[in-house]
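Here are my notes on this one, in the order I'd go through them at the screen. Have the viewer open while you read.

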Amino acid sequence: MSQKRFATILLVLGDTAMLYAALGITLFVRYGTNLTEPWKIHWLPYTAIFSLWILLFFIAGLYEQTAWSADRTVKERMLRTVAAAGITAGLLFYFIPAFVITPKTNLVLHIILSSGLLIGWRMAASLVIRSTSKTNVLFFGISEEVISLTHTLIEQPHLGFSVI
C-alpha cells in the first residue's frame, strides 16, 4: 500500500472515530450514564451528518498530502471546515423532519468537542505519518535549487522524503 493511500485511510478512519467519540462524550455530558436511548435517537442522524462532514473535509483538502502535517494552516483549515460543517448540520437538522431531533446544545457541544478531538488526532496522526517509510534522497552537486529543495524536504517531513 502506498504511503499516500495509507495516510488518507488512516486520517479518514481517525476523523470518523473522533466524530463518534465527540458524539459519545456529548451524550454523556448531556444525559449522564444512561446512554442507550439517547444513542439510539442520535446515531442515525449524526451518521448522515458525519458522512457529509467527511465529504466536506475532502473538499477542503484535509486529506491531501499538504494537510498531513499538523501545522497552523492545517489547524485553521480544519477549524473553518468544522465551523462550516456545523452550520450545515444545524440547517439539515432543522429543515429535514426525518431526523426527528433538533439539537441545539448538543450540536454546539459536539462541534466544540469534535474540533478539539480532531486537531489532537491530527497532531498524533502527523507523527505516525512522518515515521512511516521514507524515500531517501541524495543530491549530487550544490546549487540554489538543491539547497532550497533540501530545506523544503527537511522542513516538511510529512512529504515522505529523507535527505541523506
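1. Start with a backbone contact: a polar atom of the T81 side chain sits 2.7 Å from the backbone oxygen of R77. That falls under the polar contact rule (a pair of N or O atoms within 3.5 Å; within protein, one must be able to donate a hydrogen and the other to accept it, and residues adjacent in sequence count only if both atoms are side-chain atoms). T81 itself belongs to helix 3; helices here are DSSP runs of H or I with at least four residues, strands are runs of E with at least two, and both are numbered from the N terminus.

2. Before going on, the ground rules. The model is predicted, so local features need pLDDT of at least 70 and side-chain atom pairs count only at pLDDT 80 or more, while totals for chains, interfaces and linings use all residues. Numbering runs from 1 along each chain as its sequence is written, and side-chain values use heavy atoms, with hydrogens and water left out.

3. Is T81 buried or exposed? T81 is buried, because its relative accessible area is 9% and the cut-off for buried is under 20% (exposed is over 50%, partly exposed in between; 1.4 Å probe, protein chains only). Leaving aside residues up to four places away in sequence, T81 touches L56, F57, A60 and L62, where a contact means heavy atoms within 4.5 Å.

4. On to the rings. How many aromatic pairs are there by the rule? The count is 6, with Phe, Tyr and Trp rings (the six-membered one for Trp) pairing if their centres lie within 6.5 Å; planes under 30 degrees apart are stacked, over 60 edge-to-face, and the rest tilted. Y20 and W39 make a tilted pair, 6.4 Å centre to centre with 50 degrees between the planes. That pair links helix 1 to helix 2 across 19 residues. Y20 is partly exposed at 23% relative accessible area, and W39 is partly exposed at 31%.

5. Y46 and F93 are also tilted, at 5.2 Å centre to centre and 55 degrees between the planes. Y46 is in helix 2 and F93 in helix 3, so this pair ties together parts 47 residues apart in sequence. Both Y46 and F93 are buried. Ring pairs join Y20, W39, Y46, F50, W53 and F93 into a cluster.

6. Finally, zoom out. The protein has 5 helices and 2 strands, in the order α-α-α-α-β-α-β along the sequence. The radius of gyration is 20 Å, well over the 15 Å that the globule rule gives for 164 residues, so the protein is more spread out than a compact globule; the radius is taken over C-alpha atoms, and the rule is 2.2 Å times the number of residues to the power 0.38. Buried residues make up 37% of the 164.
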